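Hi everyone, thanks for coming. I'd like to walk you through one protein today, a piece at a time. Please have a look at it on the screen first.

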Amino acid sequence: MTRPGSRSSEVEAALPMEDRPAIDATYLQDTLLTLLSIPSPSGYTDEVVHWVGEELSRLNISFELTRRGAIRARLMGHQSSPARAVVSHVDTLGAMVKNLKSNGRLEIVPIGHWSSRFAEGGRVTIFTDRGGAKRGTVLPLKASGHTFNEEIDTQPVSWDNVEVRTDDFCASADELLEHGFNIGDYVAFDPCPEVHNGFIVSRHLDNKAGVASMLAAAKAVVESGRKIPVQCHLLFTISEEVGTGASAILHGDVSEMVAVDNATPAPGQNSRERGVTISMKDQTGPFDYHLTHKLIDLCEQYGIPHQRDVFKYYRCDAASALEAGNDMRVALVCFGADASHGYERTHTQALVCLGELIAAYVDSPPTFPRDKKRLGPLDGFPRQPIELEPSHRFSAESATEDDAEPRVPDPARSSESPNRSE
Ligand SMILES: [Zn+2]
């Protein structure tokens, strides 16, 4: 479906693919489960960086690391500029030990923004400096039903009202110290993944499911044997959950970037756990009109089920990249994660669709070849459609004739369902 101002004709002219990209669903799911098995709260991501790097090597994709471990891989193209990027983050939510309590429990604070409601009952690993990895359980302060009865249900939900009971005999702060615990220890929550009926239920699908979709897309592109039109950087950031993900990873040549992250199925939202969800806007502002519509066009061209959404309390790697001063087009494509930042759930079909869209995007021509230059003339600068459809054009004549009639668009003329299209 072509809309005014969209890139469809250019995409159709240059794309070599005729069918939907071949995503290996088994590889995608296995990759996701492996990623989930590696703890990686923001700030404690070295191991997952090693694994992703080794996986890129297995796929014959070259890469380099920033000092702190963000990964910039590269798929070579027929032309090197204007380069593009696809980005996802390997860090997850977690917690950190704030204090060793006199009762022998650990006080914790969250890493990233999430509710202690979803921490309660979680099994955790505490990474200590000298005692190795320790295990424990996050519990509300009033945890014993036989002792506190209904008070359990009336205590507030907050990080001040939970503590970690370690799997060690500790009854004092000194005993915690003796066992190796300390302020600043990282706390990783067991993801507890379960695959059932096509659903994947786990913590930290945000954003390990996005990383797995991206790797599956990269595998499809590599295995197709085709050289892509323009160079593409595959970026894996390590600090998205704390806001600085893509601030320092971008190559200066990158003119457009697609972020891959979770969508937010919830009442009032249009995200789903099936198909790709394309975000039009999040709390930091609208995504690039042209790049976003190009992605919608690719979905329509390849028959990839998709829907649009606008996110409320949400930011992603696109925001940190723009805030760092990068002048480029950004967009956001997502898998739906029900109960995001809680007990999350998505569906394999959504991840495969997302992989298909990423592969189709990587194999598409530049959105605007002129974007290879940072500055350019007005001539050739794209336009966003502003003309009314003929039936809605204002004229003095129609104003007098139709004054009493509201101008309602003709649904038959609409090119896309306002909400879902599958
Ligand atoms: Zn995320």
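Let's begin with strand 16, residues 306-310: 4 of its 5 residues are buried, so this strand is largely enclosed by the rest of the structure. By buried I mean that 20 or more other C-beta atoms lie within 10 Å of the residue's own; exposed means 12 or fewer, partly exposed is in between, and the C-beta atoms are placed from the backbone. When I say strand or helix, I mean a DSSP run, numbered from the N terminus: E and at least two residues for strands, H or I and at least four residues for helices.

Before I go on, a word on what you are looking at. This is a predicted model, in which local features need pLDDT of at least 70 and side-chain atom pairs count only at pLDDT 80 or more, while totals for chains, interfaces and linings use all residues. Residues are numbered from 1 along each chain as its sequence is written.

Back to strand 16. Which way does it run against strand 14, residues 276-282, parallel or antiparallel? The two run parallel, and 5 bridges join them. Two strands pair, in the sense I use here, if DSSP finds at least two bridges between them.

Now the wider view. The protein has 11 helices and 19 strands. Of its 422 residues, 45% count as buried. Contacts here are pairs of residues whose C-beta atoms, placed from the backbone, lie within 7 Å. Among the contacts with a separation of 6 or more, 79% come from residues 24 or more positions apart.

Next, please find the open sheet of 3 strands, with the order 10-11-18 and antiparallel pairing. Angles here run from 0 to 180 degrees between N-to-C directions, and axes are lines fitted to C-alpha atoms, for helices over the stretch in contact.

Looking inside this sheet, strand 10 is joined to strand 11, residues 199-202, by 3 bridges, and the two run antiparallel. Glu194 has Val201 as its bridge partner in strand 11.

What packs on this sheet? Helix 7, residues 205-224, does, touching strand 11 and strand 18, and its direction makes about 25° with that of strand 18. Helix 10, residues 348-362, also lies across strand 11 and strand 18, running at about 65° to strand 18.

These two helices meet each other as well. The axes of helix 7 and helix 10 come within 8 Å and cross at roughly 50°. Helix 7 and helix 10 are therefore oblique to each other; under 35 degrees counts as roughly parallel, over 145 as roughly antiparallel, 65 to 115 as roughly perpendicular, and the rest as oblique. On the helix 7 side, the residues in this contact include Ala209, Ala212 and Met214, and on the helix 10 side they include Leu351, Leu354 and Ile358. By class, the contact has 12 nonpolar, 2 polar and no charged residues. Nonpolar covers Ala, Val, Leu, Ile, Met, Phe, Trp, Tyr, Cys and Pro; charged covers Asp, Glu, Lys and Arg; the others, Gly among them, are polar.

Let me finish with some backbone details. Most residues other than glycine have a negative phi, and most peptide bonds are trans. With that in mind, look at Asn197, in the loop between strand 10 and strand 11. Its phi is near 60°, a positive value in a residue other than glycine. Asn197 counts as exposed, because it has 7 C-beta neighbours inside 10 Å.

Asn149 also has a positive phi, near 45°. Asn149 sits in the loop between helix 4 (145-148) and helix 5 (151-154), and with 10 C-beta neighbours inside 10 Å it counts as exposed.

Where are the cis peptide bonds? One joins Ser81 and Pro82, with omega about 0°, and Pro82 is in strand 3, residues 77-89. Another runs from Asp206 to Asn207, with omega near 5°, and Asn207 brings us back to helix 7.

How values were computed
Contact = placed C-beta atoms within 7 Å.
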